[in-house]
Amino acid sequence: MLSGKNTLSTAVALAMLLGVPSFASAAEDNTSSSQTVQRSEYKFPQVNTPKGLAKYSLAIYGFDNNSMFTCRKSPVITLSKKNIIEDIEINPAGINLMVLSHDAKKPQVTLYDLNHADTELFKFNNKKIGTPTAILYTPDARATIVATETGIHIFEGKKFQEIASIPLPFKVTGMLMSNNGYYLAVTDGSKVAVYNFEEKKLRKDWDFGVSVNDMVFNDDNTEFAVVTDDGVLNIYDTRNFLIKKTIDELGNALSCAYNFDGKYIAVATSPNIITIINLLDDSDRDFVDVPDGEMSEILFIPDSRKNTLLSYNSAKAINAKRMSKLEPYYAKLISDEVNLRMEEWMKMMPGETMEEYRARVTDESRARQRKLFEEEISTNLAGDPLSMAEVSLGKYDRSNSILAVGFTNMPTIYIPVPEEKVTTFTSADALEFKDVRYGVMENDNFEIIYAKIFNRNDGETYIYDNLDRKPLAFMDGDDNVVSIEIIQQQQMEEMRLQEIKQKVIEEAKMQNVISDHTNITVDSRVVSDFNANGEKILNYVVKFSYEVEPDFSVHEDFAPGKYHVEESGAAKSMLSIVKQAFENDLSQYVKDGKKLNVKIYGTADGSPIVRGIPYDGAYGDFDNEPVYQNGQLSGISVNTKDGIKQNEQLAFIRATGVKDYLEKNVDNLKNMKSDYNYYITVSEGKGGEFRRITTEFTFIDAF
């Protein structure tokens with residue numbers, strides 16, 4: 001593996017090098033230099049029928065009894081004919097893969113290099129752990145899990161030393177973990193058990209009495225789905241693991257997969273048919289035909305343009321189909337945007353006193369403002385459904401003096417019309433709609449919630465007003481509401497943080513470390529969440545960042561090729577604020593044994609590294625350290641021998657310097673359960689303004 005090169009950008013390059021369609025190129029055919037044609041379906045013929053699929057980043061792999069291969073048929077591993085593959089898992093960071101296989105003697109688990117064919121890295125010792133039956137990586141790539149006849153064994157992800165174990169609930173033949181690492185689901189083929197993975201404690205178990213064909217968590221970890229071979233799909237709420245929805249008559253129910261926003265689920269109902277179900281309206285279905293048959297596994301994957309593709313195996317082929325008919329999850333989009341706007345609205349305004357803030361932000365004003373944001377965002381997102389609707393006049397209700405107006409694509413509305421005016425409503429063509437506002441319903445379709453309807457026949461304007469309808473609280477409910485008292489506490493603490501920031505900045509300016517051309521920002525918020533036991537908690541998030549004006553960045557921030565925190569006046573000043581805040585005003589949240597999630601963002605500009613940058617080993621050597629780049633987990637390596645040759649490595653080392661500073665200088669952080677994650681970015685632009693670091697601290701269950 002190239003040192004420091006296993007990032008998202010290079011994952012695509014490696015995929016193409018190995019013959020793996022990353023769907024960056026497979027998503028389009030260049031028919032000429034001036035015309036690009038997007039395909040909707042892709043079929044990659046194989047020598048044998050894949051019995052399973054595996055994915056990393058934008059690449060899809062298949063495997064049969066004795067080999068694993070790319071879509072272009074390039075071999076990744078090839079075992080002897082006597083050694084039969086039971087399962088394959090690819091490390092979420094793309095640094096290796098794990099194979100469960102068996103020969104005439106016994107099952108075994110072996111790790112291979114994903115990017116170098118047939119390169120064996122490690123083999124688990126059956127004498128120590130027992131006979132393996134199932135394998136899994138944790139989503140953060142930091143641990144490897146092997147179920148055996150003696151228990152569920154958990155190993156750290158580099159030297160594979162056992163760090164924990166879970167007693168067997170039954171013989172485990174399949175395992176799955178939620179994206180947030182909260183839940184470990186295991187099955188023996190008919191029973192299923194879900195554990196709180198952190199506490200290694202059983203949350204829920206079921207005995208379905210029939211074969212469990214597949215199980216899956218949705219992307220936001222709020223649902224857990226199980227399909228059984230009697231054609232039943234059961235969906236559970238992960239807060240309590242109680243049944244949320246059951247859909248039956250799904251044929252063989254061979255496999256299932258959530259799309260990325262969780263609005264749809266795909267179920268392989270037979271070897272020839274995939275059924276796409278709208279979970280908000282399960283009568284809304286679409287079907288994908290698989291003429292070749294022998295389909296047994298399905299996966300949703302993105303292409304490089306973030307389009308949704310459905311990948312599946314079939315007779316001697318790996319396939320992918322563009323799912324252009326899937327509509328966005330409008331309610332979720334609206335809710336997310338409303339939450340972002342409410343975060344800004346809830347902040348104290350410049351110059352606003354606490355008394356003024358308390359008068360402005362109340363439970364009533366907050367609910368009112370949220371409703372206004374929802375109406376505005378819903379209306380903008382809806383577009384203009386009226387232009388595509390056929391409008392018709394319905395019945396007139398004399399007892400309530402309302403006239404029904406129907407639409408082919410939205411629910412009927414009822415407008416107040418005096419009885420003496422009803423006769424002027426002769427045709428829907430005479431109606432003109434103005435100032436139309438839309439809301440989204442629980443089935444995720446839009447409806448009109450307000451409109452002025454001008455009747456050309458009598459020159460009158462009639463008002464339809466349903467603004468007091470049920471708001472979007474059906475998405476969030478009371479569970480995501482943070483009390484005004486907590487918000488006010490957080491705002492007072494942010495005021496003190498700003499005072500600390502100003503004091504540190506003034507001292508740094510006096511010492512000529514930074515100038516007025518460096519702007520340091522401190523931001524905080526309270527976020528409602530749930531822990532792995534389904535209990536509501538409140539997390540306290542504090543973010544520290546800075547920007548330096550381009551002409552001054554080389555003097556006040558990192559110079560080209562520099563990575564020590566001390567070499568950036570802006571970074572050093574920002575971290576000084578962190579230190580003072582955590583040792584003083586935020587010390588009440590820095591408690592021994594409490595969980596703290598730390599996100600460190602390191603950046604580098606696009607200036608090429610020509611001869612390499614020596615690395616002095618100040619922060620240690622790193623071998624395939626899991627990092628996030630552009631949202632994709634990957635592995636990165638940096639050592640003193642090879643130095644820094646790629647901008648990704650430089651951005652990473654800048655981020656590790658922050659962790660080093662915190663561990664050495666902020667004493668009261670040492671006894672917290674701190675989880676550090678690195679997010680690296682390499683900008684296409686060149687210059688000092690693209691070299692900086694940002695830190696975000698989430699105190700779990702802080703209040």
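Strands β20 and β21 (residues 223-228) run antiparallel and are joined by 5 bridges. Strands here are DSSP E runs of at least two residues, helices are H or I runs of at least four, and both are numbered from the N terminus; two strands count as paired if DSSP finds at least two bridges between them. This is a predicted model, where local features need pLDDT of at least 70, side-chain atom pairs count only at pLDDT 80 or more, and totals for chains, interfaces and linings use all residues. Residues are numbered from 1 along each chain as its sequence is written, and side-chain values use heavy atoms, with hydrogens and water left out.

**The sheet around β20 and β21**

- The open sheet has 4 strands in the order β20-β21-β22-β23, and the pairing is antiparallel.
- At its edges are β20 (212-217) and β23 (242-247), each pairing on one side only.
- Going from one strand to the next, the twist averages 20°; axes are lines fitted to C-alpha atoms, for helices over the stretch in contact, with angles running from 0 to 180 degrees between N-to-C directions.

- Strand β17 (residues 183-187) has 5 of its 5 residues buried, so the rest of the structure largely encloses it. Buried means under 20% relative accessible area, exposed means over 50%, and partly exposed is in between (1.4 Å probe, protein chains only).
- Both faces of β17 are covered, with Tyr183, Ala185 and Thr187 buried on one side and Leu184 and Val186 buried on the other.
- Strand β16 (residues 174-177) runs antiparallel to β17, and 4 bridges join them; Met177 has Leu184 in β17 as its bridge partner.
- The hairpin of β16 and β17 has 5 residues between the strands, and Gly181 there takes a positive phi near 75°.
- With strand β18 (residues 191-196), β17 makes 5 bridges, again antiparallel, and Ala185 stands opposite Val194 in β18.
- β17 and β18 also form a hairpin, this one with 3 residues between them, and Gly189 in the turn has a positive phi of about 110°.

**Aromatic pairs**

- The structure holds 31 aromatic pairs. Rings of Phe, Tyr and Trp (its six-membered ring) pair if their centres lie within 6.5 Å; planes under 30 degrees apart are stacked, over 60 edge-to-face, and the rest tilted.
- Phe224 and Phe241 pair edge-to-face, at 6.3 Å centre to centre with 75° between the planes. Phe224 is in strand β21 and Phe241 in the loop between β22 (232-237) and β23, so the pair ties together parts 17 residues apart in sequence. Phe224 and Phe241 are both buried.
- Tyr563 and Tyr615 have ring centres 5.9 Å apart and planes at 55°, so that pair is tilted. Tyr563 lies in the loop between α8 (553-556) and α9 (569-583) and Tyr615 in the loop between β39 (595-604) and β40 (622-629), so parts 52 residues apart in sequence get tied together.
- Tyr563 is buried at a relative accessible area of 5%, and Tyr615 is buried at 4%.
- Ring pairs also link up a cluster of Tyr182, Tyr183, Trp206, Phe208, Phe217, Phe224, Tyr236 and Phe241.

**Charges over rings**

- Lys200 lies over the face of Phe197, 4.5 Å from the ring centre. The cut-off: NZ of Lys or CZ of Arg within 6 Å of the ring centre and within 35 degrees of the ring normal.
- Arg654 puts its charged end over the ring of Phe558, 4.9 Å from the centre.
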